[in-house]
Amino acid sequence: MDTSGFLGSLNKLLEWISRLAFLNLLWISFSLLGLIIFGFFPATVAMFAVARKWMLGNDEMSIFKTFWTAYKREFLKSNILGVIIVAIGLILYIDFQFVQHAANSFASFLYVPFFIITLIFISMLFYIIPIFVHYDMKLSQVIKNSFFVMIMNPLSTFYMLIGSFGILFVLSYAPPICLLYSGNLLALFIMKPATNAFDKINQKSQLLFQEQ
């Protein structure tokens, strides 16, 4: 088959369309395999592991093998991470309900700090799973470092925040497409700037080490 010119570009495009669709179907299938409750976070971690390989230039690896290996290896650890994330989300939701239904005027002053805390939490979420799949760390270190990476890369964080909501907004107008393109698009969109942020931090660390 011609690998140059228009036909080569078209063939490459169709390959990536099929790869992305296959990855999204794996993500949905393995989420359901774990009854969603136990399958969502392992499947999401596995999907980001595949996206990470692509970001590093390894686009010829077996998608299923990479996904299945990460799913099995990180099943327990990713579910523990999921419990932590959901617990924090529930606490924030309960706090929001309290502030919203509080009768006294003092509660209205809590909206601003609540909004800031929620924004920080959401911004950290963009880095938690990329750090999880990129580094071999304890969960406490994953969460702690997601905060520091988020603080050190405000532009990347803003880019991921706006872009992710944009993708979700577009997909909300075409629900059937979500079967083939939803989590995979978010994984690629988030993993790219996250990987760039990791590289910048590593370069700064190396420069500091050389100066010492």
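Setting aside neighbours within four places in sequence, Phe 147 is in contact with Ile 120 and Met 124, where contact means heavy atoms within 4.5 Å. Phe 147 belongs to helix H6; helices (H or I, at least four residues) and strands (E, at least two) are DSSP runs numbered from the N terminus. With a relative accessibility of 30%, Phe 147 counts as partly exposed, since buried means under 20% relative accessible area, exposed over 50%, and partly exposed in between (1.4 Å probe, protein chains only). Between Phe 147 and Ala 70 there are 77 residues of sequence separation and a C-alpha to C-alpha distance of 24 Å.

Ser 146 is also placed in helix H6. Ser 146 is buried, at 0% relative accessible area. Leaving aside neighbours within four places in sequence, Ser 146 contacts Met 124, Tyr 127, Ile 128 and Ile 131.

## Basis of the model

The structure is a predicted model, in which local features need pLDDT of at least 70 and side-chain atom pairs count only at pLDDT 80 or more, while totals for chains, interfaces and linings use all residues. Residues are numbered from 1 along each chain as its sequence is written, and side-chain values use heavy atoms, with hydrogens and water left out.

## Overall architecture

The chain has 8 helices and 0 strands, giving the order α-α-α-α-α-α-α-α from the N terminus on. Along the principal axes, the C-alpha atoms fill a box of roughly 70 × 55 × 35 Å. Of the contacts with a separation of 6 or more, 73% are between residues 24 or more positions apart.

Buried residues account for 41% of the 212 residues. The accessible surface is about 12,800 Å², and carbon and sulfur atoms hold 73% of this area. Accessible areas come from the Shrake-Rupley method with a 1.4 Å probe, and for residues only the protein chains shown count as cover.

## The nonpolar core

A nonpolar core is a set of buried Ala, Val, Leu, Ile, Met, Phe, Trp, Tyr and Cys residues joined through side-chain atoms within 4.5 Å. The largest such core has 50 residues, and the members touching the most others are Phe 48, Trp 54, Phe 67, Tyr 127 and Val 133. Two or more residues of this core come from each of helices H1 (5-33), H2 (40-55), H3 (63-73), H4 (75-101), H5 (111-134), H6 (139-152), H7 (154-171) and H8 (183-211). Apart from neighbours within four places in sequence, Phe 67 is in contact with Leu 23, Leu 26, Trp 27, Phe 30, Ala 43, Ala 46, Met 47 and Val 50.

Ile 129 is located in helix H5 and is buried, with a relative accessible area of 10%. Not counting residues up to four places away in sequence, Ile 129 touches Thr 44, Val 45 and Phe 48. Ile 129 and Ser 78 stand 9.0 Å apart, C-alpha to C-alpha, across 51 residues of sequence.

## Pockets

Rolling a probe the size of a water molecule over the atoms shows where empty space is left. On a 1 Å grid over the protein atoms alone, a cavity is a set of points where a 1.4 Å probe fits but cannot get out, and a pocket is an open set with protein on both sides within 12 Å along at least five of seven lines; lining residues have an atom within 4 Å of a point. Grid points are joined across faces, edges and corners, and a volume is the space filled by probe spheres set on the points. The largest pocket has a volume of about 540 Å³. Its lining consists of 20 residues, with Phe 40, Thr 44, Leu 125, Leu 186 and Ile 190 nearest the centre. At least two lining residues come from each of H2, H4, H5, H7 and H8, and H2 gives the largest share, 5 residues. By class, this lining has 16 nonpolar, 4 polar and no charged residues; Ala, Val, Leu, Ile, Met, Phe, Trp, Tyr, Cys and Pro count as nonpolar, Asp, Glu, Lys and Arg as charged, and the others, Gly among them, as polar.

The second largest pocket holds about 220 Å³ of space. It is lined by 16 residues, and Ala 49, Arg 73, Glu 74, Phe 132 and Val 133 are the closest to its centre. H2, H3 and H5 each supply at least two residues of this second lining, which divides into 7 nonpolar, 3 polar and 6 charged residues.

## The loop between H1 and H2

Most residues other than glycine have a negative phi. Leu 35, in the loop between H1 and H2, has a positive phi near 60 degrees. Leu 35 is exposed, at 64% relative accessible area. Ile 36 lies in the loop between H1 and H2, and its phi is positive, near 65 degrees. With a relative accessible area of 48%, Ile 36 is partly exposed.
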